[in-house]
Amino acid sequence: MTPEESPTWRDYVAANARSAAHQRRARERVPTGASRALLRHPPFPFYTASTQGVYATDLDGNRRIDFHNNYTALIHGHGHPVVLEAIHTQLQAGTTYSSPGAQELALAELLCERIPSVEQVVFNNSGTEAVMVALRAARAYTGRHRIGKFEGAYHGAYDFVMAGGGNLPAVGDPVRLTRPVADVGGLPPAAIDDVVLIRYNDPEAVREAVRDHGDELAAILVEPMLGAGGVIPADPEFLAVLREETLRAGIVLICDEVITLRQAFGGAQSIHGLEPDLTTMAKIIGGGFPSGAVGGRREFMRVFDDADPRGTVSNLGTFSANPMSACAGYTTMKLFDAPAIARLNALGEYTRDALRAVLARHGAAAQVSGGGSLFQVHWTDVPLRDARAAQTADASLNTLMFLGLCNRGIQISKRGIGALSTPMTEVHVDLLVAAFDDTLRALTAEGWPVATPRDTA
Ligand SMILES: Cc1ncc(COP(=O)(O)O)c(C=O)c1O
């Protein structure tokens with residue numbers, strides 16, 4: 001049977017007729033019917049009509065519990081009353097200004113108080129922009145131009161980080177530095193040639209990259225937990241070697257906390273005692289509005305300071321640091337205090353344990369990765385240390401589980417990543433787990449290879 005012939009697929013099509021019709025119309029004016037590539041999925045996406053709290057309702061009136069939370073960005077779900085009140089007030093005071101607004105300072109102070117390595121911050125509009133500007137800062141600071149990044153990592157849509165996300169070597173391949181393959185069309189050759197692609201969670205790969213390319217590398221970008229690459233936590237030893245080697249070679253270490261800031265009060269870097277030179281942030285710091293930020297030690301942030309002789313890097317953008325994002329972001333982060341983080345992370349542990357118990361009951365050759373308030377089910381039994389292992393997962397099972405959950409009132413990301421939000425309780429998680437269990441039972445009955453081991457070739 002092909003996925004298209006599966007009853008799970010057909011049930012999805014039957015339950016989403018209005019979304020199907022909308023996509024047909026939308027395709028005329030928007031290629032593929034939706035601008036954001038990462039929100040499209042087969043057979044067609046359901047289009048969201050409205051949201052409230054933990055729920056999202058689509059054009060057909062299907063209501064789902066939203067464990068997607070816009071790729072982890074919505075830490076308090078949809079329409080938190082305190083955030084709504086703050087942004088209503090800010091709306092009256094203006095949405096964007098022609099001179100600097102005073103609003104960004106509160107969020108800058110909050111981030112600097114929480115993250116020890118962050119002494120100063122500049123704001124822009126997305127994680128993509130934050131990564132782009134951080135890399136520019138590193139190039140200006142070091143006078144070098146190449147960058148190191150890790151296999152499978154996604155750092156947004158800037159040309160120079162859009163190679164090496166996929167098409168990786170096999171798990172058993174001893175090669176530690178791979179020639180990156182472009183993730184999208186239209187990249188300039190330099191965007192591939194300038195990248196040194198390093199195996200994740202492999203201290204020896206870091207040593208090799210620095211030994212062979214250290215004097216050309218402006219920066220190495222690292223996520224303390226691989227996000228889109230599989231929600232795979234970093235080993236403490238790997239991060240310690242990375243910090244040691246980059247310090248020794250004068251390479252700017254950029255910690256990308258766009259996803260992982262939600263993991264701890266001081267971001268995931270604080271869990272590992274990692275002190276990067278620069279940190280990129282986005283998603284939850286916008287409180288539901290577009291936002292991005294680069295923060296770091298004063299020594300590195302000098303490049304943004306007009307009064308400093310090294311201050312050659314401008315942070316630009318008509319809407320950068322706009323008062324709506326600053327206000328929503330500050331209010332959101334203030335609510336996401338240490339007790340809220342602890343409670344949400346405990347709920348994350350409960351979720352991962354419950355999903356693992358279901359997989360074990362079904363004898364599934366699958367695993368649950370994650371940490372804090374994030375989780376991902378991988379349809380592979382290859383131990384998950386890096387993105388090479390994650391790419392052995394069965395893509396058809398992933399798609400069918402995603403659709404099966406949609407059919408049962410649960411929304412996760414099409415990659416299989418789930419993110420909790422603070423209004424959620426065990427009641428919502430139990431509904432997710434029941435839907436997961438029921439989908440797994442249905443897929444097994446349909447004859448899908450739920451229990452078949454994957455290989456590492
Ligand atoms: C780790 C990481 N960095 C950067 C980005 C890009 O952020 P944005 O989508 O806000 O441009 C993402 C987006 O998912 C991300 O996961």
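In the hairpin formed by β1 and β2, with 2 residues between the strands, Gly 53 adopts a positive phi near 60°. The model is a predicted one, where local features need pLDDT of at least 70 and side-chain atom pairs count only at pLDDT 80 or more, while totals for chains, interfaces and linings use all residues. Residues are numbered from 1 along each chain as its sequence is written, and side-chain values use heavy atoms, with hydrogens and water left out. Strands (E, at least two residues) and helices (H or I, at least four) are DSSP runs, numbered from the N terminus.

Strand β1 (residues 48–52) is joined to β2 by 4 bridges, and the two run antiparallel; strands count as paired if DSSP finds at least two bridges between them. Thr 48 has Asp 58 as its bridge partner in β2. On its way onward, β2 is joined by 3 bridges to strand β3 (residues 63–66), again antiparallel, and here Ala 56 stands opposite Arg 64. The hairpin of β2 and β3 has 4 residues between the strands, and in it Gly 61 takes a positive phi near 85°. As for its faces, β2 (residues 55–58) has Ala 56 and Asp 58 on a covered side, with Tyr 55 and Thr 57 on an uncovered one.

Strand β5 is another story. Of its 5 residues (146–150), 5 are buried, so the strand is largely enclosed by the rest of the structure; buried means under 20% relative accessible area, exposed over 50%, and partly exposed in between, with a 1.4 Å probe and protein chains only. Both of its faces are covered, with Arg 146, Gly 148 and Phe 150 buried on one side and Ile 147 and Lys 149 buried on the other. Its neighbours include strand β8 (residues 217–222), which runs parallel to β5 and is joined to it by 3 bridges; Gly 148 pairs with Ile 220 there. Strand β7 (residues 195–198) also runs parallel to β5, through 4 bridges, and Ile 198 in β7 is the bridge partner of Phe 150.

Then there is the ligand. Around it sit Ser 126, Gly 127, Thr 128, Tyr 154, His 155, Gly 156, Glu 223, Asp 256, Val 258, Ile 259 and Lys 283, a residue being near if one of its heavy atoms lies within 4 Å. This shell divides into 3 nonpolar, 5 polar and 3 charged residues. A ligand oxygen lies 2.8 Å from a polar backbone atom of Gly 127, and a ligand oxygen is 2.6 Å from a side-chain N or O atom of Thr 128. On the nitrogen side, a ligand nitrogen is 2.7 Å from an N or O atom in the side chain of Asp 256. Taken alone, the ligand exposes 390 Å², of which the protein buries 83%.

Elsewhere, Arg 388 lies in helix α14 (residues 387–390). Although an arginine, Arg 388 is buried, at 0% relative accessible area, and its side chain reaches the backbone oxygen of Val 175 at 2.7 Å.

Last come the cysteines. With a disulfide taken as a pair of cysteine sulfur atoms within 2.5 Å, the count comes to 0. Cys 327 is in no disulfide, and the nearest cysteine sulfur, belonging to Cys 112, is 19 Å away. Cys 327 is buried at 13% relative accessibility, and Cys 406 is buried too, at 4%.

Technical notes: A polar contact is a pair of N or O atoms within 3.5 Å; within protein, one must be able to donate a hydrogen and the other to accept it, and residues adjacent in sequence count only if both atoms are side-chain atoms. Accessible areas come from the Shrake-Rupley method with a 1.4 Å probe; for residues, only the protein chains shown count as cover. Ala, Val, Leu, Ile, Met, Phe, Trp, Tyr, Cys and Pro count as nonpolar, Asp, Glu, Lys and Arg as charged, and the others, Gly among them, as polar.
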